[in-house]
Amino acid sequence: MKPSTASQNFDDSTLHGGLTPSDALVVSSPFAPRASLFDACHVGVVLRVVLLVQAVAGVGAMFGTSTPLDWLLQFSLLTGGVLPATLAWLIAVCAFKARLNRLKVPGQWLAGTVLGAAAGVYACGLLALMGMLPAPPWWASGAAGVLLSSLVLAGLFWRAKARTPAATAARLAELQSRIRPHFLFNTLNSAIALVRAEPAKAEAVLEDLSELFRSALADPAESVTLGQEIVLAQRYLEIEQIRFGDRLRVQWSLDSTADAARLPPLLLQPLVENAVRHGVEPSASGAAIRISTARRGGAVVIKVTNSAPAGSGQAGHGLALSNVRERLFLLHDVQSQFKTTCKDGLFQVRLEIPL
């Protein structure tokens with residue numbers, strides 16, 4: 001990886017790089033995974049929905065109050081009914097996510113708004129029990145629930161729609177010769193050179209290459225385990241070790257309790273490959289690469305660090321890191337973090353994902 005601005009200097013990945021601007025047909029790819037309208041189980045989605053409903057309740061509390069203190073009291077009382085109803089809607093949508101997503105689109109909207117109406121009536125009932133509504137407006141509360149749930153469903157719909165092209169683009173990138181010709185030729189040449197002297201090692205190289213192809217051309221999946229990604233990255237580095245020898249110095253620091261964390265497929269390998277491409281390949285003395293995983297409570301931290309003795313190296317198209325960042329955000333939303341740092345001749349990519 002090259003120790004400079006990440007958005008300008010990372011080339012396409014061997015197996016899963018960024019797309020060029022000419023990839024305009026990705027939206028029609030038949031490999032696109034089906035988008036999930038009721039994808040409301042993420043912490044980020046829950047926070048946004050709660051903030052939206054509370055904002056509407058706050059504005060509604062302004063009607064009929066004349067002082068900030070009266071507004072605060074009215075808003076607090078409204079929250080006692082609105083917040084539980086909102087959480088009940090989110091829990092119901094999340095619990096029945098699989099069944100709801102099997103419905104056709106009109107049925108999904110109908111189910112979501114019916115649940116919204118029920119949540120509105122529930123909120124009205126809670127407020128009536130607290131003595132805030134002597135004459136409970138059941139119909140108005142149900143209508144408010146329908147309106148708010150429609151707004152939330154519209155947001156989830158556009159989120160799912162935005163997710164589909166990105167996932168499709170990632171899948172298409174895997175199918176469009178992301179194994180660069182020079183990498184393939186170098187690997188085959190290394191295997192040919194080993195056939196007579198070390199046939200067992202040549203066989204291992206070809207097996208690793210076969211596994212990389214198999215992973216690139218596998219059926220599309222939304223996520224894989226960190227353990228699977230580590231195995232794939234190890235196979236890639238074993239191939240490059242044959243090519244670079246002592247110039248490639250790899251250190252692994254792995255926490256087995258973190259292996260169950262979920263990642264988008266082929267996310268770790270491009271980071272490792274860029275470390276080789278921008279750290280080892282341009283340098284006569286090579287570079288050191290360190291890959292570490294660690295579980296910290298309910299999160300997993302992944303770090304890919306490489307020394308950069310060769311300086312700036314070869315400039316890339318600037319899409320690999322942005323591709324990784326976008327795919328990670330689409331899977332885990334605000335529960336994930338993606339950071340890059342460059343200090344004292346070391347370039348590091350740090351990922352944090354939920355377990």
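## Helix 2 against helix 3

In this predicted model, the crossing of helix 2 and helix 3 is right-handed, meaning that the near helix is turned clockwise from the far one by less than a right angle. The axes of helix 2 (residues 43-62) and helix 3 (residues 68-95) come within 9 Å and cross at roughly 145°, where axes are lines fitted to C-alpha atoms over the stretch in contact and angles run from 0 to 180 degrees between N-to-C directions. Helices here are DSSP runs of H or I with at least four residues, numbered from the N terminus.

With contact taken as heavy atoms within 4.5 Å, the helix 2 side includes Val46, Val49, Val50 and Val53, and the helix 3 side includes Trp71, Phe75, Leu78 and Val82. The residues of this contact divide into 14 nonpolar, 5 polar and no charged, with Gly counted as polar.

## Helix 5

Helix 5 (residues 105-129) has 25 residues and should span 36 Å at 1.5 Å a residue, which agrees with its end C-alpha atoms being 36 Å apart; the expected span is 1.5 Å times one less than the number of residues. Among its buried residues are Gln108, Gly112, Gly116, Ala119 and Ala123, buried being under 20% relative accessible area, exposed over 50% and partly exposed in between, with a 1.4 Å probe and protein chains only. Just after helix 5, Gly131 takes a positive phi of about 80°.

## Cysteines

A search of the whole structure finds 0 disulfides, a disulfide being a pair of cysteine sulfur atoms within 2.5 Å. Cys124 is buried at 1% relative accessible area, whereas Cys342 is partly exposed at 43%.

## Basis of the values

Residues are numbered from 1 along each chain as its sequence is written, and side-chain values use heavy atoms, leaving out hydrogens and water. Local features need pLDDT of at least 70 and side-chain atom pairs count only at pLDDT 80 or more, while totals for chains, interfaces and linings use all residues.

How values were computed:
Helix = DSSP H or I, 4+ residues; strand = E, 2+ residues; numbered from the N terminus.
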